[in-house]
Amino acid sequence: MVDGKKLVVSASPHLRSSATTTRIMLDVIIALMPALAASIAIFGPRVLAVTATTVITAVLSEFLARKAMKRHNTIGDLSAVVTGVILAFNLPVDIPLWMAAVGSVVAIVVVKQFFGGIGQNFANPAIAARIILLISFAKAMGSWTAPLSWRTDAVSTATPLANITAGNMEALPSLTEMFIGLRGGCLGETCAAALILGGLYLFIRKVISPAIPLSFIGTVAVVMLIAGKGDFEYVAYQLMGGGLLLGAFFMATDYSTSPINTKGRIIFGIGCGLLTSLIRLFGSLPEGVSFAILIMNLLVPLIEMATTPKPFGTPKKEKTAKEGAQK
């Protein structure tokens, strides 16, 4: 007791922050809103139906799973809402709503709650669910609607990366159209301007570190500059095509599935960039962001073992006589 007040002794760390899970998730939701608004303008009102389906199913799945597992309810932290929105952003706008709902159940129940809930999942739930849907429903997950066609009759189209892979360069939209989102793709990945705006908001709010997004995007840029033999236009299409910006800003930066220190984050981002580039250049799929992030999620424990700094005062390992003789 000191002046009538109790001294509370606790283990380190002793850092205190006003940030809460709910506040962080709310910031992520705000950052996703420009891309959602752009998606509605580009692909029409069905975007709202897909997003509402994934979000409501995700929240309901978390509520029922926690109840069945007799754990305290966590739907108030908004993490299930974030998962639902990001999953919707990874789906074609015309996907059957029941498939979108299945994706949310897989993301929340199988990938998240089976492993203990938020902070304990081994992989990003939305990414894992997207890959499972891609494998299970390949036709529905590979059907792309042309931008602005919702105002008349829906017209199918190919994504820019698919056209590049097929060598159909004449069918590519202009770089301006790529930047504002007038291209085929998943409903939340097409508008580069909106995704960059959302990423900048997260940087300013200090929700995410620039280490992963910059190393991820920068690695893809360098590899594609080499693969494109110095063609900067080719690099621009690779950076704005597919889900690179969505993945770099909103999925690879997931707290639970990315390294906690800067050195580890840079290694993680470079790994994501290299795998994405290799899949795009040599794989059977034109896109590789989701698979790259998932693989790197699995390697995070090894990255952290190699990059986590030793506590101050840790004694150095003494060399044995055998090790000294070998040197």
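A cavity is a set of points, on a 1 Å grid over the protein atoms alone, where a 1.4 Å probe fits but cannot get out. A search of the whole structure finds one cavity of 30 Å³ or more. The model is predicted, so local features need pLDDT of at least 70 and side-chain atom pairs count only at pLDDT 80 or more, while totals for chains, interfaces and linings use all residues. Residues are numbered from 1 along each chain as its sequence is written, and side-chain values use heavy atoms, with hydrogens and water left out.

**Cavity**

- The largest cavity has a volume of about 40 Å³, a volume being the space filled by probe spheres set on grid points joined across faces, edges and corners.
- Its lining (residues with an atom within 4 Å of a point) consists of Asn90, Arg130, Glu189, Gly243, Met251, Glu287, Val289 and Ser290.
- By class, this lining of the largest cavity has two nonpolar, three polar and three charged residues; Ala, Val, Leu, Ile, Met, Phe, Trp, Tyr, Cys and Pro count as nonpolar, Asp, Glu, Lys and Arg as charged, and the others, Gly among them, as polar.

**Pockets**

- A pocket is an open set of points with protein on both sides within 12 Å along at least five of seven lines.
- The volume of the largest pocket is about 480 Å³.
- It is lined by 24 residues, and Met25, Val82, Asp254, Tyr255 and Ser256 lie nearest its centre.
- Helices H1 (21-43), H3, H5 (125-136) and H12 (244-251) each supply at least two residues of the lining of the largest pocket; helices are DSSP runs (H or I, at least four residues) numbered from the N terminus.
- The lining of the largest pocket comprises 14 nonpolar, eight polar and two charged residues.
- The second largest pocket has a volume of about 300 Å³.
- Of its 21 lining residues, Arg130, Trp144, Thr159, Pro286 and Glu287 are the closest to the centre.
- H5, H7 (160-166) and H14 (289-307) give two or more residues each to the lining of the second largest pocket.

**Packing of H3 and H4**

- Helices H3 (residues 79-89) and H4 (residues 97-112) pack at about 135°, with axes 10 Å apart; axes are lines fitted to C-alpha atoms over the stretch in contact, and angles run from 0 to 180 degrees between N-to-C directions.
- H3 and H4 are therefore oblique to each other, because angles under 35 degrees count as roughly parallel, over 145 as roughly antiparallel, 65 to 115 as roughly perpendicular and the rest as oblique.
- Ser79, Ala80, Thr83 and Leu87 of H3 make the contact (heavy atoms within 4.5 Å) with Ala100, Gly103, Ser104, Ala107, Ile108 and Lys112 of H4.
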